[in-house]
Amino acid sequence: MRPESVSTKQTRIATLARNNPKLVITSLNHHLDIEWLRHAYNLTRKDGAMGIDGQTAADYEKDLEANLQSLLDRIKSGRYKAPPVRRAHIPKADGSTRPLGIPTFEDKVAQRAIALLLEPIYEVDFQPCSYGFRRGRSAHMALREIRNQIMDCTIRWVLDVDIRQYFDTIDHRRLREFLDRRVVDGVVRKMIDKWLKAGVLEGGQVSHPETGTPQGGVISPLLANIFLHHVLDEWYQRDVRPRMKRRCFLVRFADDLVMGFEDFLDCIRVREVLGKRLSAYGLSLHPEKTKMVDFRFKRPDGGRHPATQATTFNFLGFTHVWGKSRRGKNVVHQRTAKDRYARALKAIRDWCRVNRHQPMEAQHKRLSQMMTGHYSYYGISGNGRRIRWFAHQVQRVWHYWLDRRSRGSQGRWKQFDRLLSAYPLPAPHIVHKYAEASKPAARGTGCGKPARPGL
């Protein structure tokens, strides 16, 4: 819960930005005080990985008030030095790795404090099509919007867009130009410049990339949203949507985005100019992952889709396909993507293999947590079969590794059924329910008849 003074200040900043959409704000840092930093500290994760200084949240908390006062003084006076982020690599579903930058704990608090200053301004400016890393918005809201847009606006052609290494290729000069349009407070801008120039520690060597903002930084998602707001969202609303012949939409979650079109030629025209638009700002489309999808549930001539034509697309871990509702209507189903399903089962399998000798209470507690987390994200209408199969496979995996532990004496299915009676695993269930008749698309989200032809 936000302290009253912080909430009041953020409301004032938002009101100023809303009432003056073209105003360049010159003074923000006077809102920074100890209470603001304490709130930033409370919002910072305490169980995250350590940065290059090895300091944990518990270490920082031992002398919290003095540390926050020192941090405030250094920020205000310009003496704050942003340490390099520690580079780590996390595996991706396709077998590659994603570089992750891990700041120090104090740097996370400082980034959170500056982000709290900027968020009220840009929440006013951001377009409704943007859902990633924004207060009051979520991945499930983006998924629901895509489903509603396709079903309510008769969208039949989809551009599944992938920006190649987006966070690593953000142009610093362009980013500063975009920030200049809204915020020129000296303290805030110097802090952002310090984070952009801080460098990356990997393999004992510090490098200073001239582009990009490290994934893992607290302020990185906000800066990434600001960049794509100007490069993509505004361009779509101002130049693209009014020139479409028929209805269209854009839904973006950070650098993951989907564009849908009612008209085939509209989709072709946008596909041709999208790459040019991104390249003008130092970005590029992934040639293999960016594709045009024929999302018609049937062809007009009654024939089958060509084998070379993509007819489904993935977004935020779900594969979007046409299916039938219980009443026999054509509806969009969002099902767990195969790579996400395999990754979730692998995590279960690896944990059971390593921890099969732990007490049953501990194994049951951890497996229940992992399954509940899976249902919380993937438990949406139309995905019941996938999550039921997931629950079935988890039982098989747990049985297998208990059988390996006991060499067949404890892991027989009859004994395992008795074990499940004593330690029942969470039953699969739908958490996010969609009404069979989708709601009308929200005003301003992109669905609607355009005003002018030609692009």
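## The kink in helix α5

Helix α5 of this predicted model bends by about 40 degrees at Glu119, shortly before the proline Pro120. The bend at a residue is the angle between axes fitted to the seven residues ending there and the seven starting there. Helices (H or I, at least four residues) and strands (E, at least two) are DSSP runs, numbered from the N terminus. Helix α5 covers residues 105-125, and its 21 residues should span 30 Å at 1.5 Å a residue, which agrees with the 30 Å between its end C-alpha atoms. The expected span is 1.5 Å times one less than the number of residues in the helix.

Of the 21 residues of α5, 16 are buried, so this helix is largely enclosed by the rest of the structure. Buried means under 20% relative accessible area, exposed over 50%, and partly exposed in between (1.4 Å probe, protein chains only).

## Basis of the values

Residues are numbered from 1 along each chain as its sequence is written, and side-chain values use heavy atoms, with hydrogens and water left out. Because the model is predicted, local features need pLDDT of at least 70 and side-chain atom pairs count only at pLDDT 80 or more, while totals for chains, interfaces and linings use all residues.

## Nonpolar cores

The largest nonpolar core has 77 residues. Such a core is a set of buried Ala, Val, Leu, Ile, Met, Phe, Trp, Tyr and Cys residues joined through side-chain atoms within 4.5 Å. The residues with the most contacts inside the largest core are Ile114, Leu118, Tyr166, Phe227, Met259 and Phe261. In soluble globular proteins, nonpolar side chains tend to be buried together.

With residues up to four places away in sequence left out, Met259 touches Trp157, Val158, Leu159, Tyr236, Phe249, Leu250, Val270 and Leu274. Contact here means heavy atoms within 4.5 Å.

## The antiparallel sheet β6-β7-β3-β8

Four strands form an open sheet in the order β6-β7-β3-β8, and their pairing is antiparallel. Two strands pair if DSSP finds at least two bridges between them. Strands β6 (248-253) and β8 stand at the edges with a single partner strand each, so one side of each has no neighbour in the sheet. Direction ignored, neighbouring strands of this sheet are turned against each other by 20 degrees on average. The axes are lines fitted to C-alpha atoms, for helices over the stretch in contact, and angles run from 0 to 180 degrees between N-to-C directions.

Strands β6 and β7 are joined by six bridges in the antiparallel sense, and Phe249 has Gly260 in β7 as its bridge partner. Helix α6 (residues 139-152) packs on the sheet and touches β6 and β7, its direction making about 165 degrees with that of β6. Helix α10 (residues 264-279) also packs on the sheet, where it touches β3, β7 and β8; its direction makes about 15 degrees with that of β3.

Strand β3 (residues 157-162) has five of its six residues buried, so it is largely enclosed by the rest of the structure. Six bridges pair β3 with β7 (residues 256-261) in the antiparallel sense, and Leu159 stands opposite Met259 in β7. Four bridges join β3 to the antiparallel strand β8 (residues 291-294), where Lys291 stands opposite Asp160.

## The mixed sheet β2-β1-β4-β5

Another open sheet consists of four strands in the order β2-β1-β4-β5, with mixed pairing. Its edges are β2 (97-102) and β5 (205-207), each of which has a single partner strand, so one side of each is left without a neighbour in the sheet. The twist from one strand to the next averages 40 degrees. Strand β1 (residues 85-91) pairs with β2 in the antiparallel sense over six bridges, and Pro91 has Thr97 in β2 as its bridge partner.

## Individual residues

Thr154 lies in the loop between α6 and β3. Its phi is near 50 degrees, a positive value in a residue other than glycine, and at a relative accessible area of 29% Thr154 is partly exposed. Leu316, in the loop between β9 (313-315) and β10 (318-324), also has a positive phi, of about 55 degrees, although it is not a glycine. Leu316 counts as buried at 11% relative accessibility.

Arg38 is placed in helix α2 (residues 34-43) and counts as partly exposed at 29% relative accessibility. Residues up to four places away in sequence aside, Arg38 touches Glu65 and Leu68.
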